[in-house]
Structure formats: C-alpha cells, structure tokens
Amino acid sequence: MASSSLSLPTSLRIRSSHFPYSRSVHAASLSLLPPTTTATPSLSLTLKAVSLTRENLVCRASSSPSMAAHKKVEVFDTKDDLAVSLAKYTADLSEKFTKERGSFTVVLSGGSLISYLSKLVEPPLVDSVDWSKWHVFWVDERVVPKDHEDSNYKLAYDGFLSKVSIPTGNVYAINDALSAEGAADDYETCLRHLVKNGVLALSESGFPKFDLQLLGMGPDGHIASLFPGHPLLNEKEKWVTFIKDSPKPPPERITFTYPVINASSYIAMVVTGVGKSGAVQTAFANSGTLPVESVLPEGELTWFLDKNAAPKL
Ligand SMILES: O=C1O[C@H](COP(=O)(O)O)[C@@H](O)[C@H](O)[C@H]1O
C-alpha cells in the first residue's frame, strides 16, 4: 500500500516507498537502534528520536503533557489509499468491539470525512461488517432540518448510512425541531439515557466513552464545532453544547465538548489537502493555539493524512 505512517509521542511510523526520508532528518541527530521486528535494520533520530526502516519510520517524540496517551500518524500517497486504510481500521474496530461488548458506538463528523468512508460501503467490507451492532452519533451538527444541504445527518445519510443496514433506532440524529440550546440539551439527555441502559460505556472521568470517533479538521484547526478562540473550548462540564456564532456557516450548531471527545477509546483524525497542511504543521509543533491540539483521548489517536496535508518534518 502506498502509505506512510507516523506515531506520536510514543511512536511515529511512516510506511511508504516514496517517503522523503531526507526531509525528516534535518532537525535531528541520528543514531543506530537495534533492528526492529522487521528484517530491515533501523535508524533512530533524536528529535526525540525517529527510527527508520526502508519501509517503516517509527518516531518517538518527546513526551509532552499536551499529547495523547498514544498517538499515531499515517500518511498516504493518495486519498484513495487513505480511504482503503480508514475502512479497514474502522471495520477492525467494529469487529473488536462487537465481540467484546456486543455493540459498536461510532461518532461521525460532517464535512470531508464522509467521503473517506466510501470503501467501507463497498465489497468486501460492506459484507463483512455486522451493521446491526452499530450505533451512530454525530460529534457536531448544524441546527437545520435533516433534509437541508448543510445537515451533517443528510451528508452521512446520502454518502454512508443509506448504503448499509444499521437499524434506524441506532442512528442518533438531533431533534431538528428544537432551538440550538434545546437540541444540545436533548442530545445530552439521549446520551445519558444510553449510558444508563448500557449502550454507551462511561469513562472513569464520568463522560460517555465512545468506541470510535471519526473526526475531521478545518483549515483553521477546528474540530467538531469547536473553533479557535471560542469560549466553548473551555467547557468542562456539559457533554453537548451549542454555538450560535459559528465562524463557519451555518452559525447555529451543537457540538460534543472536549471531555466527551477525549473520553473516546479510539479517535481517527482524517485530514487531507494542502489547504490544511499549515494547520497540521502548527498542531504537530504543539503551538497550543489550535482546537485540534486539545484532542487528547484517553485511548488512541490516529491521524490519517494524505501527503498534501502531512507536515514537513
Ligand atoms: O463544519 C464542520 O467542519 C469540520 C471540518 O470539515 P471539512 O470539510 O474541512 O473536513 C467537520 O469535521 C465538522 O463536522 C463540520 O461540522
């Protein structure tokens, strides 16, 4: 597969026959590491340390309190390669949680993310996933009717949900008849009910623990409807909140808060295109300025990047 994979802070892997290793080396000192489990000898960079094999690059970055417990970065030559890998990753987690818990709780975002789920709804994966065990949620939603062009539900329905057999009762869209505030409260009530009846797990931090959240990031580094500099970034108590002044239209939205996002077992951060490479670069430098930098799940964070969005190391 034409991909690169990076992992931070404990491991950053790059798998690519085309990865420009030389660009990765300039900021760091090189040292030899013992061979990894692959047959190929590996090199290590102290950046805080990147190890390279011909097909793999494993980077151990400095531990920083602002980093997730386990963070990986995958870089793909093409969007198609990314979609194939994201589909396999999602299908594997579906199997894992279905076996372990009898259900799979998945959070979708809007925007470009949905287009990268295309391989999941094609053979062979579409036939191997047990869709009856899926429970689908939204990390954010625009407060518009469900058939509105701006609706994240509509986007997901047209591009994904309409192609698979997830029980209708397991698809948790917002109540679009309510105000932004009402819809946020209603969604939080729904989540609390699902925790009570065991569909959703509860994290030690007291927030719902989703199995997988599939997130996108805007060119300004926003995730969900958490925008740079907005007071909602500081919300620590609520599970779901609302915004009426979103800098990106439409202005009225509901959104999960950081505590709910970060209680997740797995998060995939799917980012493509040169227009987002600046934000990715800033985020990887731990600038402390972008909302995406506060995505630090209790579980595992994996960045799925195409090479146009990948940071220049
Ligand atoms: O407004 C939104 O934007 C972000 C990013 O969208 P993208 O098209 O740039 O990938 C999205 O993740 C969020 O769910 C959506 O409401």
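This is a predicted model: local features need pLDDT of at least 70, side-chain atom pairs count only at pLDDT 80 or more; totals for chains, interfaces and linings use all residues.
Student: Which residues of α5 are buried, and how wide an arc do they cover?

Tutor: The buried ones in α5 are A180, A183, A184, Y187 and L191. They are on the same side of α5 because their arc, taken from the directions between the helix axis and the C-beta atoms, is only 100°.

Student: Why do residues three or four places apart point the same way in an α-helix?

Tutor: They do so because an α-helix has 3.6 residues a turn.

Student: What span does α5 reach from its first C-alpha to its last?

Tutor: Helices are DSSP runs of H or I with at least four residues, strands are runs of E with at least two, and both are numbered from the N terminus. Helix α5 covers residues 180-196, which is 17 residues. The expected span is 1.5 Å times one less than the number of residues. For α5 that expectation is 24 Å, and the helix comes close to it, reaching 24 Å.

Student: What covers the buried residues of α5?

Tutor: Contact here means C-beta atoms, placed from the backbone, within 7 Å of each other. The cover includes β12 (208-209), β14 and β15.

Student: Where does A224 lie, and is it buried or exposed?

Tutor: A224 has a positive phi near 50°, although it is not a glycine. Its place is the loop between β13 (212-216) and β14. With 30 other C-beta atoms within 10 Å, A224 is buried.

Student: How many C-beta neighbours does N286 have inside 10 Å?

Tutor: N286 also has a positive phi, near 50°. This residue sits in the loop between α7 (277-284) and β17 (300-306). N286 counts as partly exposed because its C-beta neighbours inside 10 Å number 17.

Student: What is omega for the cis peptide bond from P249 to P250?

Tutor: Most peptide bonds are trans. P250 lies in the loop between β14 (240-243) and β15 (253-256). The bond from P249 to P250 is cis, and its omega is near -5°.

How values were computed. Residues are numbered from 1 along each chain as its sequence is written. A residue is buried if 20 or more other C-beta atoms lie within 10 Å of its own, exposed if 12 or fewer, and partly exposed in between; C-beta atoms are placed from the backbone. Two residues are in contact if their C-beta atoms, placed from the backbone, lie within 7 Å.
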